Amino acid sequence: MTEPSGADGSFTFTFDGVPVRGVPGQAIGAALLVAGIRSVRRTPGGSERGMFCGMGVCFDCIVLVDRSTVRSCVTSASPGLVVSRLDGGAHADR
Amino acid sequence: MVVIGAGIIGACCALELARAGRSVVVVDRGAIASGTTRSGEGNLLVSDKLPGPELDLAVASNVMWQQLADELATDFELEHKGGLVVARSEADAVALRALGLQQQAAGIRCEPLQPDQLRSFEPELTADAVLGMSYPDDAQVQPMRACAAILRAAAERGVDIRLHAAVQDLRRDTTGAISGVVTSNGTIATACAVNATGPWANELAALAGSSIPVAPRRGFVLVTEPAAALIRHKVYSTSYVDDVGSDEAGARLSPVVEGTRAGTILIGSSRERIGFDRTVDMAIVRRMAAEAMALFPALGRLNIIRVYGGFRPASADHLPLIGWDTRVEGLLHATGHEGAGIGLAPATGQLVAALVAGVSPVVDPAPFAPARFATVAA
Amino acid sequence: MRTADVVVVGAGPAGMHSALAAARTARDVVLIDSGPAVGGQYYRHPADGSSLHIGAPIDRRHDTLVRLRAELEASTAVTVLPSTTVWHAAAADVGAVLHLAPVGGGQTSSLQARAVVLAPGAYDLALPIPGWTLPGVMTAGGAQAMLKGHGALLGRNVVVAGTGPFLVSVAAALAGAGATVAGVFEANRPTRWARHLPAVAVSPDKLLEGARLARLLRRHRVPVHFGHVVTQVLGTDAVEAVVVERSDHRGSNRSSSAREIAVDAVCLGWGFLPQVELAVALGCDTHLDRSGLAVVVRVDGDQRTSRPGVFAAGEITGIGGADLSAVEGRIAGLAAAASLQGTPPVVRRVTRAERARRRHFAAALSDAYPLPRDWTSWLHSDTVVCRCEEVPRASIDESIHRLGASDVASVKSLCRTGMGYCQGRMCDFAVRTIVTAATGRPASHRDALVYRPIAVPISIAALAAGDAEET
């Protein structure tokens with residue numbers, strides 16, 4: 001499903017089903033930050049994590065896209081992208 | 001007594017010698033478990049062994065591993081995860097069934113699983129599995145923690161552990177017998193040295209003018225990102241058993257896949273005789289990935305975060321060398337366990353202690369005696 | 001497999017200059033970067049006309065970038081491969097074979113480089129403190145990247161802490177974009193510069209840049225507190241406050257000075273660590289840098305590494321900033337192109353002199369902004385040191401004091417520090433500091449050197465599928 005674009009080329013994607021506005025070239029994690037979402041996953045140990053290094057090195061901001069983990073700080077958002085929170089380990093069978 | 005090598009074999013030898021009342025010094029050129037022990041997955045397997053002396057040693061060891069887990073103060077994550085061997089062709093299934101029958105005759109518990117049973121036993125397993133053989137007694141430990149726990153127990157019994165002390169020479173008296181171990185950190189006088197240096201054992205033997213047929217056999221392990229509860233057992237293909245026994249110098253690959261407590265999935269296995277070159281060969285890594293995916297298609301979506309190599313101490317006939325050197329009095333070898341050293345370590349330690357004391361060990365030592373390679377009289 | 005004359009890895013200041021310099025004589029130059037466009041972290045920027053620009057531009061960097069980008073576009077010799085990661089590098093007799101994958105996954109490919117210039121840049125050195133895993137804590141470089149590249153502020157009410165002039169730059173950018181910066185907490189004092197006046201004197205541009213940023217901070221009423229450190233971040237599921245303490249140069253805090261400041265975000269910057277994994281994978285000689293913080297690649301006067309056909313430029317040879325990276329990049333590019341003919345590069349004396357001057361300044365900078373020596377005393381026993389594997393300080397202590405670990409590698413395999421997603425990039429330095437303090441064995445190059453043949457995680461499916469067929 002492709003969302004209608006805004007005048008500035010903005011679009012929406014979803015994070016755990018919640019619509020989030022993105023701009024072409026913007027990383028998923030940045031769009032989440034702008035939307036006020038700073039916690040993007042829960043670790044296997046049960047603690048909340050968000051973006052930390054901001055340049056693809058630390059992997060703290062990983063999210064699930066198409067059932068694989070991606071770094072939300074370096075992976076671009078796109079119209080209609082379905083992004084979900086990781087809770088614990090990466091489930092390849094989910 | 002000086003035990004050379006602070007890996008799992010050296011640790012078990014030191015503990016058993018200390019229990020037998022010996023005064024023991026352990027030396028290592030690096031930190032604890034800085035060689036083969038650190039690179040291993042910590043397998044305690046019965047499934048990959050044919051009836052014979054190695055299986056006897058493994059069975060004796062597994063009993064001792066449980067005792068160690070009960071006795072030692074440090075948790076080393078002993079887990080009876082169980083093994084599953086998978087046949088993907090009718091021919092392999094016939095061979096696997098035959099292997100299972102032989103093993104059952106030797107007292108090993110195993111149970112054949114048909115495809116419909118496999119789906120609940122290991123849900124992500126490939127649909128083209130023809131037959132599985134389940135081995136409930138296959139187990140695992142965290143090898144570093146196990147080694148550290150055993151060394152700590154040894155130290156509590158008075159064993160002196162000297163790390164970052166490289167052995168530079170084995171001193172011998174006028175009769176040619178061992179009289180001391182020269183290290184970068186001083187010389188230790190002793191009439192008995194235990195060679196527990198794994199794949200470097202022949203280099204150590206050479207310091208005393210001896211030689212043993214032990215050489216490194218390289219293996220790589222691929223480590224995935226953490227993936228909760230995707231794979232339940234240690235799962236491998238029937239080809240693994242053949243590979244262990246092969247004598248090829250070139251790379252032999254067979255898929256071995258298992259989940260760990262940390263959530264990561266470990267993927268093996270490769271075997272190459274290529275010396276001590278640690279450089280990762282991506283062509284082999286790619287083949288290992290393809291083989292693992294053939295066993296578990298769902299693995300494809302997971303990322304590999306790390307690949308590392310290690311060196312198995314491989315003997316010429318795939319059996320460990322445990323016993324006195326045929327040429328040098330006072331030199332006792334405990335090496336050549338190839339990829340099974342963690343599993344075989346406790347019984348190896350017991351065997352070594354019994355040989356030193358001159359009493360009879362839990363298993364027959366004869367098949368492991370280095371003398372089997374001494375074709376020419378020394 | 002595709003072959004190229006010169007492949008430059010990293011399109012920051014060093015890489016862009018390298019590619020342009022190489023293109024003067026080499027016919028087929030490939031410039032690879034994981035970002036969607038050239039520029040690297042230093043020139044991080046959104047696409048032209050994008051609505052992601054927020055706040056006023058704070059420096060003239062953009063003009064330089066536009067010029068370099070135009071030159072790269074105009075060059076018929078240079079091909080830019082954006083959004084591409086080099087996930088593995090394999091040694092060749094001369095040059096290297098680079099294993100590539102699209103950022104975000106997809107089919108791999110290989111590129112045979114007759115000569116390669118490694119210019120992969122650096123990432124923030126992070127020091128663990130209690131609460132540093134809370135959402136809302138970011139590295140200074142990360143906060144800057146999010147702001148300048150993606151139009152995202154990490155919070156509304158922010159403190160910036162750590163050491164080095166970069167903190168001021170980040171604070172000015174955040175304030176310019178509309179954040180309230182409650183303070184810049186600089187662990188060191190400006191008086192440390194006194195002994196480095198000659199280095200400053202020959203780099204007056206740096207002095208001017210500093211003065212300009214200081215003016216910007218004053219305009220936004222951002223207070224700068226020298227000799228202060230953030231020792232703790234408070235909050236349950238996100239940042240709620242920080243604890244700030246006075247610090248002497250040893251990092252021994254006077255806890256009587258501790259005070260809490262309510263904020264919703266924290267930027268921590270303690271300097272940078274170079275990305276050396278590709279160089280290590282290729283077998284290039286490395287050494288510990290002068291501060292003892294980082295493993296860096298050894299190069300000769302022409303930026304050659306110990307491996308034939310492998311050159312290195314920028315932060316990978318020692319942290320030194322964009323200007324030093326640019327000049328090293330120019331020399332490396334010339335040298336890489338010349339190596340194809342088997343000749344030494346023709347490098348102007350003024351270029352070499354500039355490199356010497358920039359290195360002199362970088363050394364002074366490193367001396368003027370040391371890490372607080374006793375920073376590990378800020379850690380509590382339950383403070384997570386390894387973020388990926390969630391390993392607390394207590395487990396590291398147990399590995400050393402109870403289980404007999406005597407080096408970094410044995411700590412790692414006993415308690416899993418550095419075994420997770422980032423492969424120790426975030427915690428290796430901290431673990432090394434804790435181990436060396438406990439064992440009394442000095443930090444060695446060997447302890448610091450980590451072999452990471454998989455430079456960036458790669459999916460099993462991509463590995464299994466093999467490289468793309470040549471087209």
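In chain A of this predicted model, 38% of the contacts between residues at least 6 apart in sequence join residues at least 24 apart. Buried residues account for 56% of the 94 residues of chain A.

**Chain A: elements and sheet**

- Chain A contains 1 helix and 8 strands.
- Read from the N terminus, the elements of chain A follow the pattern β-β-α-β-β-β-β-β-β.
- In chain A, 5 strands form an open sheet with mixed pairing, in the order S2-S1-S7-S5-S6.
- Strand S2 (18–22) and strand S6 (68–71) of chain A each have a single partner strand, so they stand at the edges and one side of each lacks a neighbour in the sheet.
- On average, neighbouring strands of this sheet are turned by 40° against each other, with direction ignored.
- Strand S1 of chain A, residues 11–15, is paired with S2(A) in the antiparallel sense through 5 bridges.
- Within this pairing, Gly22(A) of S2(A) lies opposite Phe11(A).
- In general, the strands of a sheet pair through backbone hydrogen bonds, in a parallel or antiparallel sense.

**Chain B against chain C**

- The contact between these chains involves 32 residues of chain B and 26 residues of chain C.
- On the side of chain B that touches chain C, at least two residues come from each of helix H6 (143–156), helix H9 (282–295) and strand S17 (303–315) of chain B.
- H9(B) provides the largest share of that side, with 7 residues.
- By class, the residues of chain B on this side are 20 nonpolar, 5 polar and 7 charged.
- Strand pairing also links the two chains: S17(B) and strand S22 of chain C, residues 458–459, run antiparallel and are joined by 2 bridges.
- Ile304(B) has Ile458(C) in S22(C) as its bridge partner.

**Chain C: a helix pair**

- Helix H4 (residues 166–176) and helix H6 (residues 204–219) of chain C have axes that come within 9 Å and cross at roughly 40°.
- H4(C) and H6(C) are therefore oblique to each other, and their crossing is left-handed.
- From H4(C), the residues Val168(C), Ser169(C), Ala171(C) and Ala172(C) meet Leu213(C), Ala214(C), Leu216(C) and Leu217(C) of H6(C).
- The contact of H4(C) with H6(C) comprises 7 nonpolar residues, 1 polar residue and no charged residues.

Note on methods: Residues are numbered from 1 along each chain as its sequence is written. Chains are lettered from A and ligands numbered from 1 in the order in which they are written. This is a predicted model: local features need pLDDT of at least 70, side-chain atom pairs count only at pLDDT 80 or more; totals for chains, interfaces and linings use all residues. Two strands pair if DSSP finds at least two bridges between them. Helices (H or I, at least four residues) and strands (E, at least two) are DSSP runs, numbered from the N terminus. Axes are lines fitted to C-alpha atoms, for helices over the stretch in contact, and angles run from 0 to 180 degrees between N-to-C directions. Two residues are in contact if their C-beta atoms, placed from the backbone, lie within 7 Å. Ala, Val, Leu, Ile, Met, Phe, Trp, Tyr, Cys and Pro count as nonpolar, Asp, Glu, Lys and Arg as charged, and the others, Gly among them, as polar. A residue is buried if 20 or more other C-beta atoms lie within 10 Å of its own, exposed if 12 or fewer, and partly exposed in between; C-beta atoms are placed from the backbone. Angles under 35 degrees count as roughly parallel, over 145 as roughly antiparallel, 65 to 115 as roughly perpendicular and the rest as oblique. A crossing is left-handed if the near helix is turned anticlockwise from the far one by less than a right angle, and right-handed if clockwise.
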